[in-house]
Amino acid sequence: MQESEIWITRIFNDHFAGFANSILGIVGIHSKRPWTDSMVMQLLVALLLMVTFAILRMRLSADRPGKLQQTFELVYEFVQGQAQDQIGDAAKRYLSFFGTIFLFILACNLIGLIPCFSSPTKDYAVTCGCALATFAYYHLMGIVANGWRYPLQFAGPMWWLAPLMIPIETISHLARVLSLTVRLYANMFAGEQVTLVFLNLTYLVAPVIFMGLHVFVGVIQAYIFMLLAMAYVGGAVAHEH
Amino acid sequence: MTKKMLLVVAIMLIAASALSAQTRDQPFAGGHWVAISAAFGMAIASGLCGLGQAKAVASAVEGIARNPGAAKAIQLAMLIGLAFIESLALYTLLIVFVFAK
């Protein structure tokens with residue numbers, strides 16, 4: 001696969017390569033051009049989100065909400081409604097993770113459609129990071145909510161089923177990480193490849209239709225990632241709570 | 001009856017783990033067969049996922065026809081179901097793109 005860089009990555013590699021190599025040197029990786037497209041674009045998306053929320057925070061007002069506040073109130077109510085469907089009334093303490101993962105993945109998916117930018121989520125490392133973060137989060141929340149009785153739910157409904165249930169449950173939990181990773185990665189990667197193929201065949205109009213489909217797919221996949229994260233947290237937390 | 005089945009399954013699993021421990025010193029020499037098998041795999045995956053999505057959409061449309069008031073909820077459930085089924089076809093497309101140079 002060819003290693004072409006977008007303009008931001010070239011700027012980062014020209015000026016900040018030493019900084020990245022010093023961090024990568026901790027795990028023993030050295031490279032001439034250490035910044036990848038997905039790494040730079042992830043930082044850009046995080047920066048954009050933080051700037052948006054900083055502006056939102058400055059303009060919060062109970063009497064005369066502006067358009068930005070109303071938009072994010074819609075997003076907040078949407079996330080809260082979905083979380084209450086999946087988890088129940090204890091959903092409020094997990095909303096920060098769900099909202100963040102939804103907005104981050106949504107922004108990552110959509111920023112690839114702007115010319116001269118690329119989606120971080122079409123790199124499997126990025127989606128694997130999101131999936132591992134979700135995995136760690138729902139296990140951690142399960143331990144926080146249920147204490148040290150949390151691993152007992154892997155043993156199944158009856159104690160003598162445990163030697164059969166524990167491997168099945170372990171594999172199923174690991175398969176959750178795999179499916180979260182591959183679903184998001186395959187959707188974004190395949191969408192981009194299909195657009196590129198049609199760009200190769202017909203130069204003007206047909207790729208636009210596929211980019212429209214890519215917008216739709218990006219929104220749906222971000223929503224599904226958040227929904228599955230909620231379902232996993234609900235399953236981990238709701239056990240004999 | 002079930003104890004014998006469990007014994008057979010256990011023996012098969014042990015045999016599988018022993019048989020799979022072969023040396024892999026030759027590189028992946030698929031050649032032209034990769035393209036053919038990728039095409040067939042993708043065709044089968046797309047066809048079956050098309051059938052699955054057709055069933056999902058058919059039940060959703062019938063549900064909306066019976067109960068037009070629940071149209072939004074049914075539409076949301078249909079979209080979620082379609083996205084899950086779509087991902088299954090995309091897993092196969094991923095293999096095509098990873099193995100086809």
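This is a predicted model: local features need pLDDT of at least 70, side-chain atom pairs count only at pLDDT 80 or more; totals for chains, interfaces and linings use all residues.
## Where the two chains meet

The contact between the chains takes eleven residues from chain A and nine residues from chain B. On the side of chain A that touches chain B, helix H7 (162-201) and helix H8 (206-237) each supply at least two residues, and the largest share, seven residues, comes from H7(A). Sorted by class, this side of chain A has seven nonpolar residues, three polar residues and one charged residue.

## Helix H7 of chain A

H7(A) is built from 40 residues, and the distance from its first C-alpha to its last is 56 Å, which is close to the 58 Å expected at 1.5 Å a residue. Its buried residues include A:Leu180, A:Arg183, A:Leu184 and A:Tyr185, and also A:Met188, A:Phe189 and A:Thr195.

H6(A) has 23 residues and spans 32 Å from its first C-alpha to its last, close to the 33 Å expected at 1.5 Å a residue. Among the residues buried in H6(A) are A:Val126, A:Cys130, A:Thr134, A:Tyr138 and A:Met141. An α-helix has 3.6 residues a turn, so residues three or four places apart point the same way. The cover over the buried residues of H6(A) includes helix H3 (37-58), H5, H7 and H8 of chain A.

Two backbone angles can be noted around this helix. A:Cys116 lies in the loop between H5 and H6 of chain A, and its phi is near 70°, a positive value in a residue other than glycine. Is A:Cys116 buried or exposed? A:Cys116 has 7 other C-beta atoms within 10 Å, and because a residue with 12 or fewer counts as exposed, A:Cys116 is exposed. Just after H6(A), A:Gly147 also takes a positive phi, of about 75°.

## How H5 packs against H8

The axes of helix H5 (residues 95-111) and H8 in chain A come within 9 Å and cross at roughly 160°. Angles over 145 degrees count as roughly antiparallel, and H5(A) and H8(A) are therefore roughly antiparallel to each other. The crossing in which H5(A) passes H8(A) is right-handed.

On the H5(A) side, the residues that meet H8(A) include A:Phe98, A:Ile101, A:Phe102 and A:Ile105, while those on the H8(A) side include A:Val215, A:Gly218, A:Ala222 and A:Phe225. By class, the residues of this contact of H5(A) with H8(A) divide into 13 nonpolar, three polar and no charged.

## How H4 packs against H5

Helix H4 (residues 67-87) of chain A and H5(A) have axes that come within 10 Å and cross at roughly 120°, and that makes H4(A) oblique to H5(A). The crossing of H4(A) and H5(A) is right-handed.

Which residues of H4(A) meet H5(A)? They are A:Tyr76, A:Val79, A:Gln80 and A:Ala83, and in H5(A) they meet A:Leu95, A:Phe98, A:Gly99 and A:Phe102. The contact of H4(A) with H5(A) has six nonpolar, two polar and no charged residues. A:Phe98 and A:Phe102 of H5(A) take part in the contact with H4(A) and in the contact with H8(A).

Definitions and conventions
Residues are numbered from 1 along each chain as its sequence is written. Chains are lettered from A and ligands numbered from 1 in the order in which they are written. Two residues are in contact if their C-beta atoms, placed from the backbone, lie within 7 Å. Helices (H or I, at least four residues) and strands (E, at least two) are DSSP runs, numbered from the N terminus. Ala, Val, Leu, Ile, Met, Phe, Trp, Tyr, Cys and Pro count as nonpolar, Asp, Glu, Lys and Arg as charged, and the others, Gly among them, as polar. Axes are lines fitted to C-alpha atoms, for helices over the stretch in contact, and angles run from 0 to 180 degrees between N-to-C directions. Angles under 35 degrees count as roughly parallel, over 145 as roughly antiparallel, 65 to 115 as roughly perpendicular and the rest as oblique. A crossing is left-handed if the near helix is turned anticlockwise from the far one by less than a right angle, and right-handed if clockwise. The expected span of a helix is 1.5 Å times one less than its number of residues. A residue is buried if 20 or more other C-beta atoms lie within 10 Å of its own, exposed if 12 or fewer, and partly exposed in between; C-beta atoms are placed from the backbone.
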